[in-house]
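Here is a friendly briefing to read alongside the model on your screen.

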Amino acid sequence: DESPLSAAEAGVAWSPYGPSTAIAPSVYGAAEVEAPSYPPGPPLPPMPPPVSPMPPGASGGSGASGSPGASAPQIWEFKVRAGWEAFEGSAQRDLQQRYAEFLAGGESRVTVKNGPHSISIFFDKMSSKLAGGHDRIRPIRNSRDQE
């Protein structure tokens, strides 16, 4: 002889508005409601390979050959009130070449164009100023100085 299931055993809760299929509130007071099921969407594209912060073979130093520029390009910056600002693209290339020459025994003072300005660079002091002017002297740095 089978007895009928009670409303609680059948998963039906009674309220003044009629029967509900929601399960009674849990211990924490939130009602457990079954999540709706949706059809599967299209497959996700494959994940791209991880990006290395350094190019293959780069060690972060002056490179395996010991010559400047043998690994990742340097980013040259000058000090401003709000922090550091990068030199423009053509000045970056010029600074990198001139710094390599300086390390090989070349001139410690060079002049480069940064936009409309000619800038005197002092590699031995890692500083700069407007060429021919009495402007303040600004510290300079490159990305390798930060490693």
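In which sense do S3 and S8 pair, and over how many bridges? S3 and S8 pair in the antiparallel sense, over 3 bridges. Please keep in mind that this is a predicted model, in which local features need pLDDT of at least 70, side-chain atom pairs count only at pLDDT 80 or more, and totals for chains, interfaces and linings use all residues. Residues are numbered from 1 along each chain as its sequence is written, and side-chain values use heavy atoms, with hydrogens and water left out.

**The sheet**

- An open sheet is formed by 6 strands in the order S4-S3-S8-S7-S6-S5, with antiparallel pairing.
- Its edge strands, each pairing on one side only, are S4 (83–86) and S5 (109–114).
- From one strand to the next, the twist averages 35 degrees.
- Strands here are DSSP runs of E with at least two residues, helices are runs of H or I with at least four, and both are numbered from the N terminus; two strands pair if DSSP finds at least two bridges between them.

**Around S8**

- On one side, phenylalanine 78 stands opposite isoleucine 140 in S8.
- S7 (residues 127–130) and S8 (residues 138–142) pair in the antiparallel sense over 2 bridges, and serine 128 stands opposite arginine 138 in S8.
- S8 is largely enclosed by the rest of the structure, because 4 of its 5 residues are buried (buried means under 20% relative accessible area, with a 1.4 Å probe and protein chains only).

**Serine 128**

- Serine 128 is found in strand S7 and is buried, with a relative accessible area of 3%.
- Beyond its neighbours within four places in sequence, serine 128 is in contact (heavy atoms within 4.5 Å) with residues including Phe78, Ile119, Arg138 and Ile140.

**The helix**

- Helix H1 (residues 89–103) lies across S3 (76–80), S4, S5, S6 (117–122) and S8, running at about 165 degrees to S5.
- Such angles run from 0 to 180 degrees between N-to-C directions, with axes fitted to C-alpha atoms.

**The largest pocket**

- About 170 Å³ of space lies in the largest pocket.
- A pocket is an open set of points on a 1 Å grid where a 1.4 Å probe fits, with protein on both sides within 12 Å along at least five of seven lines; lining residues have an atom within 4 Å of a point.
- Among the lining residues are Phe78, Ile119, Ser128 and Arg138.
- S7 gives the largest share of the lining, 3 residues.

Terms used
Points joined across faces, edges and corners; volume = space filled by probe spheres on them. Buried < 20%, exposed > 50% of the residue type's maximum accessible area, 1.4 Å probe, protein only.
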